[in-house]
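I am opening a notebook page on a structure that is new to me, and I will write down what I look up, one item at a time.

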Amino acid sequence: MTPFVVIVLAGLGSYLFRISMVLLAERMRLPERLERASSFVAPAAFAALAATSIAAASMGADVAAAVPPLGASAVAVAAVRLFRRAWAAPLVGMPVLWLLTAVVGS
Amino acid sequence: MLSITDVVATPRGYAAELGGGARAMLPWLAGVVPFGLVIGVAAAQANISTFAGWLTGPLIYGGSAQIAAIEMLSAGASPAVVVLTALVINLRLVLYSGAMAAYWRGTPRWWRALAAYLLIDPSFVVGNDRYERGGDRAGGHVHYLGGAVVLWVAWLLAITAGATFGAQLPAALHLEFLIPLYLIGEVGRRLSDVATRRAALTSAVVAVLAFAVPLHLGVLLAIVAGLAAGLRAKAVRR
């Protein structure tokens, strides 16, 4: 199987995921539990994706390498709580990441 | 059958919603564009043709799944495993689809086909935010489209630029870390009630605990655990 076929199959599958519940909703009523859960999808998905990325960036062979991503993430959380704006996290977190990376030297 | 624009009150209202969606997407681009550049670089450096790597953009249209597909194909992984891995990573799209289904019910088939194609984390957030504000539902559709098209164009341009010039970006900037930081911001501003806090915290903890689970299944487990925790907290409060 060529890389092109693999990518087309992965793309078709991803599209089916995207449209699956939209088509189902046309033919049947979605379970009430699913509709109630929909308000939690974004925070749960983004928390999982963020935690996975931070874990991936922190789990190096060197313990000191974990300091910049963990420190930047902690400061980003504090910045969002303080300013109550999403952009505060990268705006404050990236300089902290660069600073800690320069200090720790990873 | 109604078209989307039939129900948007005026052309001015239509333009305002389209522009509003596009503006709401701009902060996301700060994180998304570097990620797209990284994927472009990966596509150019992989042991597959650069065009095949670039095609993951319009076809798979999901950064983590694209990176996984390019890297696994480059490493010579079995085609079935590559497809399965990309699909597992994108499985969360079923949940996004479920969340948007209620808003898109009764819209024209072409609209649902297009809107579903453009559905990914940032477009879901921008669209969902507008729909949750209520008001004119058709205006919400146009708002979603404005944000989603800006994202799609920026994503493909970033991948193209990355495949062409991205190898010259200094790795020391760690621009890939913009994505988790922006996600922290998006989660942080939503923690207004106990049930949402419980959902996000549970999801983050399970994601770390399940980090080593193969095929990126940990992310899916974490989302499901977060949803369960949120629903449980909501039920307890009733």
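Entry one. I began in α9(B), where I found L178(B), I179(B), P180(B), L181(B), Y182(B), L183(B), I184(B), G185(B), E186(B), V187(B) and G188(B) listed as buried. I keep in mind that the model I am reading is a predicted one. Taken as an element, α9(B) is mostly covered, with 11 of its 11 residues buried.

Entry two. I then turned to the loop between α8 (137–165) and α9 (178–188) of chain B, which is where L173(B) lies. Is L173(B) buried or partly exposed? I noted that L173(B) counts as partly exposed because it has 14 C-beta neighbours inside 10 Å, whereas a residue is buried if 20 or more lie within that distance. I also looked up L173(B) against G76(B), and the two are 97 residues apart in sequence and 30 Å apart in space, C-alpha to C-alpha.

Next I looked at how the chains meet, and I found 62 residues of chain A in contact with 73 residues of chain B. On the side of chain A that touches chain B, the elements giving two or more residues are α1 (3–27), α2 (32–58), α3 (67–83) and α4 (88–104) of chain A. Of these, α2(A) gives the most, with 23 residues. Sorting that side of chain A by class, I recorded 44 nonpolar, 10 polar and 8 charged residues.

Last, I looked up the division of chain A, which consists of domain 1 (1–30) and domain 2 (39–104). The centres of domain 1 and domain 2 of chain A, taken over C-alpha atoms, are separated by 32 Å.

Technical notes
Residues are numbered from 1 along each chain as its sequence is written. Chains are lettered from A and ligands numbered from 1 in the order in which they are written. This is a predicted model: local features need pLDDT of at least 70, side-chain atom pairs count only at pLDDT 80 or more; totals for chains, interfaces and linings use all residues. Two residues are in contact if their C-beta atoms, placed from the backbone, lie within 7 Å. Helices (H or I, at least four residues) and strands (E, at least two) are DSSP runs, numbered from the N terminus. Ala, Val, Leu, Ile, Met, Phe, Trp, Tyr, Cys and Pro count as nonpolar, Asp, Glu, Lys and Arg as charged, and the others, Gly among them, as polar. Domain bounds come from an automatic or database domain assignment. A residue is buried if 20 or more other C-beta atoms lie within 10 Å of its own, exposed if 12 or fewer, and partly exposed in between; C-beta atoms are placed from the backbone.
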